[in-house]
Amino acid sequence: MTSATLLTPATSSRPGGERPGKTTRAAERAYIRVLVVLDTAVLAVAILVGYLARFGDEEPTGSEIPYVVVAPALLLVWLVSLKAMRCYDDQVLGYGADEYRRVSAASLRLAGGIAIAGYIADVGVSRGFLAISFAVGTIGLEVARFAARKRLHRARDRGAGWSRKVLVVGDTAHVLELVHTLRREPYAGYQVVGACIPDALLAPVPQRLGDVPVVGSFRGIPEAATAIGADTVAVTASGELTATRLRRLGWQLEGTGVDLVVAPALTDVAGPRIHTRPVAGLPLIHVEAPEFRGARKLVKGFVDRSISLIALLVLAPLLTVIALAIKIDSRGPVLFRQTRVGQGGEEFGVFKFRTMVVNADALLAELAARNETDGLMFKMRDDPRVTRVGRLLRKWSLDELPQLANVLFGQMSLVGPRPPLPSEVARYDGDVARRLLVKPGMTGLWQVSGRSDLSWEDGIRLDLYYVENWSLAADLTILWKTFGAVVNSRGAY
């Protein structure tokens, strides 16, 4: 979804020469070339589909310009539109939603411009041909970008692929925190290669912060970046880095090909809630309050209940087969109803298909010492209480399908924090209790990020991030990613 630390570009240099780190720059250019080839192929196919769908084997009529000219011209103008909308800018490639927004905007704006120009000039190009071409092309571009990004993410997870080489600058504690944050999501493409700390903290012998080498102090940041081949300097909090020194650092990096980004102390806040406004020469960051009620909440509730009702009707045959399998496999009820805590601390009974033996709760005390997770939850990979059918249901998350009824009743949402047990809530502190400000969900960031493989701390962090930054677009993204998490069985046991 998003990185926990906001990286705000402070200055961006684009000189004609090479950046420090020629390997990184070459990998970046290679990735961009792949995108250009992909986009060209997708657009060529889209235009061909538009032509065949509109005309088939017939000879086009009514146009003063032959389509043998229209088709390549449309392809060329479309590519220029993508370039003009900065769809190949390395600042948006490989991470975040901005790349997809720019691709869609470039296509839609071009479609609108051609429609207006065609109406005014009365060229006579088929509207059906254009409509089909733009519809297929826009969707195709998004799918191609998604596939290319997934391949890049897999390469980055292996330590390969195009990534930015980052020099982190700041106090020791803040440097370690930023390094941890960036490494938590390696697919974002920020590879920390060194650190600069205040002069007073330097030692006469080589230092390391964890496994990150300290390569200098605040006095020689540009030189340190050049020495280690960094193409990005990430500045985090430090009392010695005043506004004047930060501005001078930006000047020093001009023409070097090194980007300067600032990681403010404000964390776990998504972009839509953040607005930068210049006031008296200062780029003040305004943060909007989270939205827990209003029209968007009503829309979310309507969408949740509509989808859950449709899903229950469509999945009725599958639910019946699962119920029969559970009944045949072991004695006991088909459904398991467990008390969970919902929005505002209100308790409700969550429905699941039974995946354990009937006396599972009584056996928990005997297995407590074998808990494989930290925090307040109990998780165990080879839990002896799980039945044969239960293991299969858990692997594919089919045991959670009855929760669609909880969504229909308004007790849960399709997307939200994990529904906690009352025993967990009783031990919540003030921060964790914010999870109860929204309805719990059948899926959420915790599920698409690893489920049971997550630590307690990371699970809570993801839940709180969702509570603070939820949106309908984010919900759709999480639902889409849930299918991949379920198919790959990540963290399911």
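Where is Pro333 found? Good morning, everyone; let me start there. Pro333 is found in the loop between α9 (316-329) and β10 (335-341), with helices (H or I, at least four residues) and strands (E, at least two) taken as DSSP runs numbered from the N terminus.

Before I go on, a word on the model. Residues are numbered from 1 along each chain as its sequence is written, and side-chain values use heavy atoms, with hydrogens and water left out. This is a predicted model, in which local features need pLDDT of at least 70 and side-chain atom pairs count only at pLDDT 80 or more, while totals for chains, interfaces and linings use all residues.

Back to our proline. Pro333 counts as partly exposed, at 47% relative accessibility; buried means under 20% relative accessible area, exposed over 50%, and partly exposed in between, with a 1.4 Å probe and protein chains only. Leaving out residues up to four places away in sequence, Pro333 touches Ile326, Arg354 and Val358, where contact means heavy atoms within 4.5 Å. Its C-alpha atom is separated by 8.8 Å from that of Phe353, 20 residues apart along the chain.

Now the overall picture. The protein has 16 helices and 13 strands, and 43% of its 493 residues are buried. Of the contacts between residues at least 6 apart in sequence, 73% join residues at least 24 apart.

Next, the cores. In soluble globular proteins, nonpolar side chains tend to be buried together. A nonpolar core here is a set of buried Ala, Val, Leu, Ile, Met, Phe, Trp, Tyr and Cys residues joined through side-chain atoms within 4.5 Å. The largest has 28 residues, and those touching the most other members are Tyr31, Leu43, Leu74, Trp78, Leu82, Phe129 and Leu141. Two or more residues of this core come from each of α1 (22-55), α2 (67-84), α3 (98-121) and α4 (127-157). If you click on Leu74, you will find that it touches Ile47, Ile114, Phe129, Leu130 and Phe134, not counting residues up to four places away in sequence. Apart from this core lies another, of 18 residues, including Val166, Val168, Ile197 and Val214.

Which residues line the second largest cavity? They are Val341, Gly342, Gln343, Pro417, Arg418, Pro420, Arg435, Leu436, Val438 and Pro440. A cavity is a set of points, on a 1 Å grid over the protein atoms alone, where a 1.4 Å probe fits but cannot get out, and lining residues have an atom within 4 Å of a point. The second largest cavity holds about 40 Å³ of space, a volume being the space filled by probe spheres set on points joined across faces, edges and corners.

One of the lining residues, Arg418, lies in the loop between β12 (413-415) and α13 (422-425). Arg418 is buried, with a relative accessible area of 16%. Its side chain makes a polar contact of 2.6 Å with that of Glu424; such a contact is a pair of N or O atoms within 3.5 Å, where, within protein, one must be able to donate a hydrogen and the other to accept it, and residues adjacent in sequence count only if both atoms are side-chain atoms.

Last, some backbone. Most residues other than glycine have a negative phi. Ser397, though not a glycine, has a positive phi of about 60 degrees. Ser397 sits in the loop between α11 (388-395) and α12 (403-408) and is buried, at 9% relative accessibility.

Key. 1 Å grid on protein atoms, 1.4 Å probe; cavity = no way out; pocket = protein on both sides within 12 Å on 5 of 7 lines; lining within 4 Å.
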